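Subject: Structure handover

Hello,

Here is the structure for you to look at. My notes on a sheet and on the packing of a helix follow below it.

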Amino acid sequence: MDSMLLATAALSQPIRRAVIDVGTNSVKLLVADVAGGEVQPVCEQSHQTRLGQGFYQTHRLRPEAMDATARAVAGYAARARELQAASVLVFATSAARDATNRHELTTAIEKAAGVKVEVISGEQEADWGFQGVTTNPELAKLPLLVLDAGGGSTQCVFGRDGRRMGGHSFPLGTVRLMETFPCGDPPKPAELAACRQWLKEFVQREMRPKLMEGLNLFAPAAAQAQGGVQLVGVGGTASILGCMEAELVVFDRARLEAARLSVERVAWHTERLWGVPLEERKKIVGLPKNRADVILMGVVIYHALMEEFRFRELRISTRGLRFAAVMRERP
(Lines give C-alpha, C1' and ligand atoms only; values in the text may rest on other atoms or scores of the structure.)
Protein backbone atom coordinates (compact mmCIF):
# COMPACT_ATOMS: atom_id res chain seq x y z
CA MET A 1 0.00 0.00 0.00
CA ASP A 2 1.50 3.35 -1.03
CA SER A 3 1.82 6.34 1.30
CA MET A 4 -1.31 8.08 -0.01
CA LEU A 5 -3.46 4.99 0.58
CA LEU A 6 -1.97 4.60 4.05
CA ALA A 7 -2.81 8.22 4.87
CA THR A 8 -6.38 7.78 3.56
CA ALA A 9 -6.85 4.62 5.62
CA ALA A 10 -5.55 6.39 8.73
CA LEU A 11 -7.93 9.27 8.22
CA SER A 12 -10.91 6.91 7.86
CA GLN A 13 -10.22 5.12 11.14
CA PRO A 14 -12.73 6.24 13.78
CA ILE A 15 -11.49 7.93 16.94
CA ARG A 16 -13.46 7.43 20.15
CA ARG A 17 -13.99 10.71 21.99
CA ALA A 18 -16.14 11.91 24.88
CA VAL A 19 -17.76 15.23 25.70
CA ILE A 20 -19.46 16.24 28.95
CA ASP A 21 -21.91 19.14 28.74
CA VAL A 22 -22.46 21.01 32.02
CA GLY A 23 -25.78 22.77 31.54
CA THR A 24 -28.02 24.88 33.73
CA ASN A 25 -30.40 21.99 34.33
CA SER A 26 -28.40 18.82 33.72
CA VAL A 27 -25.03 17.25 32.94
CA LYS A 28 -24.90 15.21 29.73
CA LEU A 29 -22.41 12.69 28.38
CA LEU A 30 -21.74 11.71 24.79
CA VAL A 31 -19.15 9.07 23.92
CA ALA A 32 -18.89 8.57 20.17
CA ASP A 33 -16.73 7.15 17.43
CA VAL A 34 -15.78 9.99 15.07
CA ALA A 35 -14.56 9.54 11.50
CA GLY A 36 -14.39 12.72 9.45
CA GLY A 37 -17.82 14.35 9.63
CA GLU A 38 -19.58 11.20 10.85
CA VAL A 39 -20.47 10.68 14.50
CA GLN A 40 -21.56 7.27 15.76
CA PRO A 41 -22.81 7.49 19.38
CA VAL A 42 -21.60 4.76 21.71
CA CYS A 43 -23.06 6.07 24.98
CA GLU A 44 -25.44 8.95 25.75
CA GLN A 45 -26.50 9.75 29.31
CA SER A 46 -28.01 12.65 31.23
CA HIS A 47 -28.18 13.44 34.94
CA GLN A 48 -30.19 16.35 36.31
CA THR A 49 -28.27 18.44 38.86
CA ARG A 50 -30.19 21.76 38.60
CA LEU A 51 -27.00 23.82 38.67
CA GLY A 52 -29.03 26.97 38.01
CA GLN A 53 -31.56 26.47 40.80
CA GLY A 54 -31.87 29.62 42.91
CA PHE A 55 -29.24 31.27 40.73
CA TYR A 56 -30.97 34.13 38.97
CA GLN A 57 -31.57 36.36 41.98
CA THR A 58 -27.95 36.38 43.14
CA HIS A 59 -25.99 35.16 40.08
CA ARG A 60 -24.09 32.89 42.44
CA LEU A 61 -24.10 29.10 42.06
CA ARG A 62 -25.15 27.24 45.19
CA PRO A 63 -22.59 24.96 46.90
CA GLU A 64 -24.90 21.93 46.89
CA ALA A 65 -25.64 22.34 43.17
CA MET A 66 -21.93 22.70 42.35
CA ASP A 67 -21.13 19.61 44.42
CA ALA A 68 -23.81 17.53 42.65
CA THR A 69 -22.56 18.76 39.28
CA ALA A 70 -18.91 17.98 40.07
CA ARG A 71 -19.85 14.46 41.17
CA ALA A 72 -21.88 13.92 38.00
CA VAL A 73 -18.97 15.07 35.82
CA ALA A 74 -16.56 12.81 37.72
CA GLY A 75 -18.85 9.83 37.18
CA TYR A 76 -19.17 10.53 33.48
CA ALA A 77 -15.42 11.07 33.07
CA ALA A 78 -14.86 7.66 34.66
CA ARG A 79 -17.45 6.13 32.34
CA ALA A 80 -15.73 7.69 29.30
CA ARG A 81 -12.43 6.17 30.38
CA GLU A 82 -14.08 2.76 30.88
CA LEU A 83 -15.25 3.01 27.27
CA GLN A 84 -11.67 3.82 26.24
CA ALA A 85 -12.33 7.33 24.95
CA ALA A 86 -9.09 8.84 23.66
CA SER A 87 -10.06 12.25 25.07
CA VAL A 88 -12.64 13.85 27.35
CA LEU A 89 -13.79 17.42 26.71
CA VAL A 90 -15.81 19.14 29.43
CA PHE A 91 -17.62 22.39 28.68
CA ALA A 92 -20.13 24.51 30.62
CA THR A 93 -22.83 26.81 29.31
CA SER A 94 -25.28 29.48 30.50
CA ALA A 95 -25.28 29.27 34.31
CA ALA A 96 -21.51 28.87 34.50
CA ARG A 97 -20.71 31.74 32.15
CA ASP A 98 -23.12 34.09 33.99
CA ALA A 99 -22.01 33.15 37.51
CA THR A 100 -19.92 35.52 39.60
CA ASN A 101 -18.41 32.47 41.32
CA ARG A 102 -17.82 30.31 38.24
CA HIS A 103 -14.26 29.60 39.40
CA GLU A 104 -15.69 27.66 42.36
CA LEU A 105 -17.53 25.40 39.93
CA THR A 106 -14.60 24.85 37.60
CA THR A 107 -12.28 24.18 40.55
CA ALA A 108 -14.74 21.67 42.05
CA ILE A 109 -15.09 19.83 38.74
CA GLU A 110 -11.36 19.77 38.07
CA LYS A 111 -10.69 18.46 41.59
CA ALA A 112 -13.42 15.78 41.43
CA ALA A 113 -12.98 14.63 37.84
CA GLY A 114 -9.36 15.44 37.04
CA VAL A 115 -10.34 17.31 33.87
CA LYS A 116 -10.27 20.96 32.81
CA VAL A 117 -13.53 22.81 32.10
CA GLU A 118 -14.09 25.15 29.19
CA VAL A 119 -16.82 27.76 29.79
CA ILE A 120 -18.17 28.53 26.32
CA SER A 121 -19.87 31.70 25.13
CA GLY A 122 -23.46 31.91 23.96
CA GLU A 123 -22.14 32.46 20.45
CA GLN A 124 -20.06 29.28 20.62
CA GLU A 125 -22.98 27.33 22.05
CA ALA A 126 -25.22 28.47 19.18
CA ASP A 127 -22.57 27.68 16.59
CA TRP A 128 -21.98 24.15 17.91
CA GLY A 129 -25.73 23.55 18.04
CA PHE A 130 -26.06 24.33 14.33
CA GLN A 131 -23.03 22.24 13.41
CA GLY A 132 -24.43 19.29 15.34
CA VAL A 133 -27.86 19.47 13.72
CA THR A 134 -26.38 19.58 10.23
CA THR A 135 -24.48 16.32 10.73
CA ASN A 136 -27.85 15.00 9.53
CA PRO A 137 -27.40 15.10 5.71
CA GLU A 138 -31.10 15.76 5.12
CA LEU A 139 -31.16 18.86 7.32
CA ALA A 140 -27.82 20.07 5.96
CA LYS A 141 -29.51 20.75 2.61
CA LEU A 142 -32.37 22.88 3.95
CA PRO A 143 -32.82 26.50 5.07
CA LEU A 144 -33.01 26.23 8.87
CA LEU A 145 -33.74 28.07 12.06
CA VAL A 146 -32.24 25.89 14.80
CA LEU A 147 -33.73 26.59 18.22
CA ASP A 148 -32.37 25.30 21.54
CA ALA A 149 -34.31 26.40 24.62
CA GLY A 150 -31.94 25.41 27.42
CA GLY A 151 -32.12 25.90 31.16
CA GLY A 152 -30.56 29.36 31.22
CA SER A 153 -30.50 30.59 27.63
CA THR A 154 -32.06 30.09 24.22
CA GLN A 155 -29.91 29.81 21.10
CA CYS A 156 -31.27 30.60 17.64
CA VAL A 157 -29.13 29.97 14.54
CA PHE A 158 -29.88 30.46 10.85
CA GLY A 159 -28.24 28.58 8.02
CA ARG A 160 -28.66 26.70 4.80
CA ASP A 161 -26.71 24.11 2.82
CA GLY A 162 -24.89 23.25 6.04
CA ARG A 163 -23.54 26.80 6.34
CA ARG A 164 -24.25 28.99 9.36
CA MET A 165 -25.49 32.44 8.32
CA GLY A 166 -26.05 34.04 11.71
CA GLY A 167 -27.37 33.48 15.18
CA HIS A 168 -28.14 34.90 18.59
CA SER A 169 -28.17 33.78 22.22
CA PHE A 170 -30.93 35.17 24.43
CA PRO A 171 -31.23 35.24 28.26
CA LEU A 172 -34.33 33.07 28.19
CA GLY A 173 -34.37 29.52 29.58
CA THR A 174 -36.58 26.98 31.28
CA VAL A 175 -34.99 27.15 34.75
CA ARG A 176 -34.67 30.93 34.52
CA LEU A 177 -38.34 31.26 33.56
CA MET A 178 -39.49 28.78 36.21
CA GLU A 179 -37.92 30.95 38.89
CA THR A 180 -39.53 34.07 37.42
CA PHE A 181 -42.99 32.45 37.28
CA PRO A 182 -43.31 29.86 40.07
CA CYS A 183 -46.50 27.85 39.58
CA GLY A 184 -49.03 26.25 41.84
CA ASP A 185 -49.82 22.55 41.73
CA PRO A 186 -51.75 22.25 39.54
CA PRO A 187 -50.80 25.46 37.72
CA LYS A 188 -53.55 28.05 37.56
CA PRO A 189 -54.87 29.43 34.24
CA ALA A 190 -53.86 32.92 35.39
CA GLU A 191 -50.26 31.72 35.87
CA LEU A 192 -50.12 30.38 32.32
CA ALA A 193 -51.65 33.62 31.03
CA ALA A 194 -49.08 35.74 32.90
CA CYS A 195 -46.19 33.61 31.64
CA ARG A 196 -47.48 33.79 28.07
CA GLN A 197 -47.89 37.55 28.23
CA TRP A 198 -44.38 38.05 29.57
CA LEU A 199 -42.98 35.78 26.87
CA LYS A 200 -44.91 37.58 24.14
CA GLU A 201 -43.47 40.92 25.24
CA PHE A 202 -39.94 39.51 25.58
CA VAL A 203 -40.05 37.86 22.15
CA GLN A 204 -41.39 40.97 20.45
CA ARG A 205 -38.95 43.31 22.21
CA GLU A 206 -35.75 41.26 22.39
CA MET A 207 -36.00 38.49 19.82
CA ARG A 208 -38.17 39.62 16.92
CA PRO A 209 -35.85 42.36 15.55
CA LYS A 210 -32.83 40.05 15.49
CA LEU A 211 -34.65 36.96 14.25
CA MET A 212 -36.49 38.75 11.44
CA GLU A 213 -33.15 40.15 10.32
CA GLY A 214 -31.88 36.58 10.25
CA LEU A 215 -34.90 35.22 8.39
CA ASN A 216 -34.42 37.89 5.75
CA LEU A 217 -30.93 36.55 5.04
CA PHE A 218 -32.62 33.79 3.07
CA ALA A 219 -33.77 34.15 -0.51
CA PRO A 220 -37.07 36.07 -0.80
CA ALA A 221 -39.04 32.92 -1.60
CA ALA A 222 -37.94 31.36 1.70
CA ALA A 223 -37.77 34.52 3.79
CA GLN A 224 -41.16 34.05 5.42
CA ALA A 225 -41.09 31.57 8.29
CA GLN A 226 -44.24 29.85 7.04
CA GLY A 227 -42.51 29.27 3.70
CA GLY A 228 -39.37 27.24 3.10
CA VAL A 229 -37.47 27.80 6.37
CA GLN A 230 -37.58 24.73 8.63
CA LEU A 231 -37.80 25.18 12.41
CA VAL A 232 -35.65 22.54 14.10
CA GLY A 233 -35.68 22.09 17.85
CA VAL A 234 -32.64 20.64 19.58
CA GLY A 235 -31.90 19.97 23.24
CA GLY A 236 -33.87 18.53 26.14
CA THR A 237 -37.17 20.38 25.72
CA ALA A 238 -37.43 19.62 22.00
CA SER A 239 -36.56 15.95 22.53
CA ILE A 240 -39.17 15.62 25.27
CA LEU A 241 -41.82 17.21 23.04
CA GLY A 242 -40.92 14.71 20.33
CA CYS A 243 -41.02 11.79 22.77
CA MET A 244 -44.45 12.82 24.06
CA GLU A 245 -45.77 13.27 20.53
CA ALA A 246 -44.47 9.86 19.42
CA GLU A 247 -45.29 8.27 22.82
CA LEU A 248 -41.79 6.85 23.12
CA VAL A 249 -41.11 4.75 26.21
CA VAL A 250 -37.42 4.33 25.33
CA PHE A 251 -35.12 6.56 23.31
CA ASP A 252 -35.36 5.90 19.56
CA ARG A 253 -33.34 8.37 17.49
CA ALA A 254 -34.94 7.48 14.17
CA ARG A 255 -38.53 7.79 15.42
CA LEU A 256 -37.75 10.94 17.37
CA GLU A 257 -36.18 12.68 14.38
CA ALA A 258 -39.11 11.57 12.22
CA ALA A 259 -41.57 13.35 14.54
CA ARG A 260 -43.30 16.49 13.28
CA LEU A 261 -45.28 18.75 15.62
CA SER A 262 -47.69 21.27 14.16
CA VAL A 263 -48.21 24.52 16.05
CA GLU A 264 -51.63 23.14 17.00
CA ARG A 265 -50.03 20.05 18.55
CA VAL A 266 -47.55 22.17 20.50
CA ALA A 267 -50.52 24.23 21.76
CA TRP A 268 -52.28 20.98 22.71
CA HIS A 269 -49.26 19.74 24.68
CA THR A 270 -49.01 23.13 26.41
CA GLU A 271 -52.64 23.05 27.58
CA ARG A 272 -52.34 19.41 28.63
CA LEU A 273 -49.17 19.93 30.68
CA TRP A 274 -50.37 23.12 32.34
CA GLY A 275 -53.76 21.58 33.10
CA VAL A 276 -52.73 18.76 35.47
CA PRO A 277 -50.83 18.40 38.77
CA LEU A 278 -47.16 17.41 38.90
CA GLU A 279 -47.93 13.77 39.80
CA GLU A 280 -50.17 13.45 36.75
CA ARG A 281 -47.51 14.95 34.49
CA LYS A 282 -45.05 12.33 35.74
CA LYS A 283 -47.30 9.64 34.23
CA ILE A 284 -47.23 11.09 30.71
CA VAL A 285 -45.51 8.75 28.26
CA GLY A 286 -42.31 10.29 26.89
CA LEU A 287 -41.88 12.79 29.74
CA PRO A 288 -39.08 11.93 32.22
CA LYS A 289 -40.35 12.23 35.77
CA ASN A 290 -37.50 14.53 36.80
CA ARG A 291 -38.38 16.96 33.98
CA ALA A 292 -42.10 17.12 34.77
CA ASP A 293 -41.79 20.53 36.45
CA VAL A 294 -39.42 22.38 34.11
CA ILE A 295 -41.17 21.12 30.93
CA LEU A 296 -43.95 23.64 31.63
CA MET A 297 -41.61 26.46 30.71
CA GLY A 298 -39.97 24.66 27.82
CA VAL A 299 -43.19 23.95 25.98
CA VAL A 300 -44.52 27.48 26.43
CA ILE A 301 -41.27 28.93 25.00
CA TYR A 302 -41.57 26.81 21.85
CA HIS A 303 -45.24 27.65 21.43
CA ALA A 304 -44.60 31.38 21.85
CA LEU A 305 -41.87 31.40 19.21
CA MET A 306 -43.87 29.32 16.74
CA GLU A 307 -46.83 31.65 17.08
CA GLU A 308 -44.82 34.87 16.84
CA PHE A 309 -42.93 33.80 13.71
CA ARG A 310 -45.78 31.77 12.19
CA PHE A 311 -43.93 28.49 12.02
CA ARG A 312 -46.43 25.78 11.15
CA GLU A 313 -44.24 22.83 12.12
CA LEU A 314 -41.46 21.85 14.51
CA ARG A 315 -38.92 19.19 13.57
CA ILE A 316 -36.71 17.51 16.17
CA SER A 317 -32.97 16.90 16.07
CA THR A 318 -31.13 14.80 18.63
CA ARG A 319 -27.76 16.03 17.32
CA GLY A 320 -27.02 19.18 19.26
CA LEU A 321 -23.88 20.92 20.39
CA ARG A 322 -22.33 17.72 21.80
CA PHE A 323 -22.21 16.24 18.30
CA ALA A 324 -20.24 19.27 17.11
CA ALA A 325 -18.02 19.33 20.20
CA VAL A 326 -17.07 15.67 19.83
CA MET A 327 -15.84 16.36 16.27
CA ARG A 328 -13.37 19.01 17.43
CA GLU A 329 -9.72 18.25 16.92
CA ARG A 330 -8.00 17.81 20.29
CA PRO A 331 -4.49 19.09 21.04
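Strand 6 (residues 144–149) and strand 7 (residues 154–160) run antiparallel and are joined by six bridges; strands here are DSSP E runs of at least two residues, helices are H or I runs of at least four, and both are numbered from the N terminus. V146 is opposite V157 of strand 7.

This is a predicted model, in which local features need pLDDT of at least 70 and side-chain atom pairs pLDDT 80 or more, while totals for chains, interfaces and linings use all residues. Residues are numbered from 1 along each chain as its sequence is written, and side-chain values use heavy atoms, without hydrogens or water.

The open sheet has six strands in the order 8-7-6-9-11-10, with mixed pairing (two strands pair if DSSP finds at least two bridges between them). Strand 8 (163–170) and strand 10 (260–262) are its edges, each pairing on one side only.

Helix 8 packs on the sheet and touches strand 7 and strand 8; its direction makes about 170 degrees with that of strand 8. Contact means heavy atoms within 4.5 Å; axes are lines fitted to C-alpha atoms, for helices over the stretch in contact, and angles run from 0 to 180 degrees between N-to-C directions.

The axes of helix 8 (residues 189–215) and helix 11 (residues 263–274) come within 11 Å and cross at roughly 135 degrees. The contact involves E191, L192, C195 and R196 of helix 8, with T270, E271 and W274 of helix 11.

Regards
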